[in-house]
Amino acid sequence: MSEIVVSLKSTKVDPFLKQQIAHSELDGRSLLCTQCGICTSGCPLGEYIKPHKIVRMVNLGLRDQLIHLREIWLCTTCFTCSQRCPQDVNPANIIFNLKNTASRHGIIPAGLREICRNILEEGRTLKITTGREREREKLGLPKTVTVNIEKIKRLLDKTRFDKILEGGKV
């Protein structure tokens with residue numbers, strides 16, 4: 001079982017983080033959190049991720065610890081925590097916001113980075129190898145549909161996806 005442990009002794013605190021999150025386009029409302037834990041008790045991954053603790057860390061201004069926190073990437077954004085919150089805090093959007101912040105700083109888990117590279121190179125999350133095509137054929141499935149990679153690349157260029165993926169600040 002994973003447990004979020006925070007040490008405040010030598011921690012850099014961002015006093016503006018809670019305001020930034022609370023007033024973001026994702027409407028985090030983190031300031032209203034009473035730490036009741038209802039969000040965590042409803043989370044399907046509550047054994048590994050504690051939304052109420054993440055919101056507390058936001059309110060303490062622990063930006064550096066949060067963007068390096070493995071748990072934010074475990075959130076599937078199912079919004080169960082947000083639906084259950086009696087204060088309408090919306091922990092799922094707060095975590096989503098933290099993922100965006102982490103990725104803008106080049107902090108992206110290796111597995112997700114690989115999926116993103118596949119999208120950039122092939123327009124798919126998974127590379128279609130000749131072995132995969134043979135398996136499809138054995139199962140009686142049609143050949144994989146060709147992806148218009150240029151169209152996907154144009155869209156990704158507009159979002160600066162490649163810069164984010166390579167850790168360049170945008």
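This report describes the nonpolar cores and the salt bridges of a predicted model.

## Basis of the description

Residues are numbered from 1 along each chain as its sequence is written, and side-chain values use heavy atoms, with hydrogens and water left out. Because the model is predicted, local features need pLDDT of at least 70 and side-chain atom pairs count only at pLDDT 80 or more, while totals for chains, interfaces and linings use all residues.

## Nonpolar cores

A nonpolar core is a set of buried Ala, Val, Leu, Ile, Met, Phe, Trp, Tyr and Cys residues joined through side-chain atoms within 4.5 Å, where buried means under 20% relative accessible area, exposed over 50% and partly exposed in between (1.4 Å probe, protein chains only). The largest such core has 20 residues, and those with the most contacts inside it are Ile 54, Val 58, Leu 66, Ile 72, Ile 94 and Leu 98. Two or more residues each come from helices H1 (17-22), H3 (51-60), H4 (63-67) and H7 (91-104); helices (H or I, at least four residues) are DSSP runs, numbered from the N terminus.

Another core, of five residues, lies apart from it and includes Cys 116, Leu 120, Leu 156 and Leu 165.

## Salt bridges

There are three salt bridges, each defined as a side-chain nitrogen of Lys or Arg within 4 Å of a carboxyl oxygen of Asp or Glu. In one of them, the closest N and O atoms of Arg 63 and Asp 14 are 2.5 Å apart; since Arg 63 lies in helix H4 and Asp 14 in the segment before H1, the pair ties together parts that are 49 residues apart in sequence. Both Arg 63 and Asp 14 are buried.

Glu 135 and Lys 138 also form a salt bridge (3.5 Å, N to O), and, being three residues apart in helix H9 (residues 130-138), they are separated by about one helical turn.
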